[in-house]
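Student: I have a new model open and would like to learn how to read it. Where do we begin?

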Amino acid sequence: MYKRGLVQVWSLEQPEWHCKIDEGSAGLVASCWSPDGRHILNTTEFHLRITVWSLCTKSVSYIKYPKACQQGISFTKDGRYMALAERRDCKDYISLFVCSDWQLLRHFETDTQDLAGIEWGPNGCVLAAWDSCLEYKILLYSLDGRLLSTYSAYEWSLGIKAIAWSPSSQFLAIGSYDEKVRILNHVTWKMITEFGHPTTINNPKIVVYKETEKSQNLEMENLPFPPTRAAASSLFSTESKYEVVSSPVSLQTLKPLTDRPNPKIGIGVLAFSPDNCFLATRNDNIPNAVWIWDIQKLKLFVVLEHLSAVRSFQWDPQQARLAVCTGRSQVYLWSPAGCVSVQVPAEGDFQILSLCWHRSGDSMALLSKDQLCLCYLENEGVK
């Protein structure tokens with residue numbers, strides 16, 4: 001509860017155990033778990049410090065100078081180390097901590113004008129740090145703080161918007177404001193290919209799925225009067241499905257407002273599938289489309305175009321299955337076998353704004369503004 005500076009914790013296994021953390025006058029702007037689930041990291045107002053609270057020993061540690069940026073904290077996948085972006089004396093630094101006792105392991109300055117974010121590779125050996133959008137620069141550091149490589153694609157234009165590591169740590173995908181994704185390899189940290197996002201798909205080998213909808217045909221005379229709530233809602237509901245359209249296909253574009261901050265242009269979201277075979281991207285000025293790239297062949301594989309702007313997408317942690325939401329009451333699922341639109345059976349207008357898979361891959365949470373829906377997927381062979 002940010003306004004009150006409070007964090008509350010409950011135990012699912014021991015209902016009688018609970019905890020309350022009060023930051024008091026220092027305030028609270030962010031809170032997160034440590035990977036071991038035994039510590040909570042609270043960031044105070046104005047990013048003056050990070051307070052590390054131990055749920056086991058009730059001890060408290062303080063980390064000074066955290067930087068207010070896009071992604072200032074990153075943990076290694078095994079949970080052993082934490083990297084923290086810092087700002088001291090008008091310069092950017094990165095500190096590496098051991099998560100078991102929060103001791104400082106390394107502290108080094110970065111060659112950035114305004115550090116925007118940091119992210120560990122899945123193997124925990126390489127840390128990527130990138131500059132603000134005003135300068136195209138990404139730096140790659142080893143665990144001991146050595147600079148392994150620096151990459152810059154161009155100058156004098158808006159630069160990096162988002163990055164994503166492949167699960168094997170072999171590729172680093174960089175989404176830029178020039179509407180392209182660049183793939184770096186882990187051996188030389190040089191670019192091996194770049195993916196453009198044109199507004200027209202001309203290649204007949206690329207499958208384009210387009211969402212269409214139609215009103216449900218109901219016989220009015222068979223409806224009870226007054227109609228039940230389910231019957232009344234179905235009167236105005238529409239049925240959504242995907243259709244394969246033949247090339248050439250012109251995608252809906254959005255003209256960015258260049259006189260305002262954070263223009264809707266460039267690659268804002270990208271994510272690799274867990275098997276390393278596919279990369280999903282969203283070009284913010286073609287907001288209704290999800291682009292799925294074949295990483296083995298390094299070319300475009302599928303485009304999904306929706307009736308509304310894509311809000312969020314996430315891969316199934318166990319297989320190449322992508323879930324997409326667009327702020328409507330449907331969740332969209334794609335796999336190499338095909339794609340489907342699924343209506344959420346909730347009362348009223350349940351607008352899905354974001355989603356999150358369970359790590360087992362057999363369920364997901366669908367989130368609206370003030371509601372949550374748990375969705376369970378049947379496994380193959382289950383009738």
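**Backbone, cysteines and domains**

Tutor: We begin with C90, which sits in the loop between strands β8 (81-88) and β9 (91-98). Helices (H or I, at least four residues) and strands (E, at least two) are DSSP runs, numbered from the N terminus. A word on the source: this is a predicted model, where local features need pLDDT of at least 70, side-chain atom pairs count only at pLDDT 80 or more, and totals for chains, interfaces and linings use all residues. Residues are numbered from 1 along each chain as its sequence is written, and side-chain values use heavy atoms, with hydrogens and water left out.

Student: What is the phi of C90?

Tutor: Most residues other than glycine have a negative phi, and most peptide bonds are trans. C90 has a positive phi, near 65 degrees, and is not a glycine.

Student: Is C90 buried or exposed?

Tutor: Buried means under 20% relative accessible area, exposed over 50%, partly exposed in between (1.4 Å probe, protein chains only). C90 has 68%, so it is exposed.

Student: Which loop holds L298, and what is its phi?

Tutor: L298 is in the loop between β25 (289-294) and β26 (299-305). Its phi is positive, about 55 degrees, although L298 is not a glycine. L298 has a relative accessible area of 32%, so it is partly exposed.

Student: Which residues does a cis peptide bond join?

Tutor: S247 and P248 are joined by one, with omega about 0 degrees. P248 lies in the loop between β21 (238-245) and β22 (249-250).

Student: How many disulfides are found?

Tutor: A disulfide is a pair of cysteine sulfur atoms within 2.5 Å. The search of the whole structure finds 0.

Student: Where does N185 lie, and what does its side chain reach?

Tutor: N185 is in strand β17 (residues 180-185). It is buried, at 14% relative accessibility. Its side chain reaches the backbone nitrogen of V187 at 2.9 Å. A polar atom of that side chain also lies 2.9 Å from the backbone nitrogen of T188. Contact means heavy atoms within 4.5 Å. Beyond its neighbours within four places in sequence, N185 is in contact with Q170, K190 and I192.

Student: Into which domains is the chain divided?

Tutor: Domain bounds come from an automatic or database domain assignment. Here they give domain 1 (1-64) and domain 2 (66-196). Their C-alpha centres lie 26 Å apart.

Student: What area is buried between domain 1 and domain 2?

Tutor: Buried area is the accessible area (1.4 Å probe) that two parts lose on being put together, summed over both. Here it is about 1,000 Å², and carbon and sulfur atoms give 80% of it. P35, H47 and I63 supply 45% of the area that domain 1 buries against domain 2, more than any other three residues. In contact are 12 residues of domain 1 and 11 residues of domain 2.

Conventions:
A polar contact is a pair of N or O atoms within 3.5 Å; within protein, one must be able to donate a hydrogen and the other to accept it, and residues adjacent in sequence count only if both atoms are side-chain atoms.
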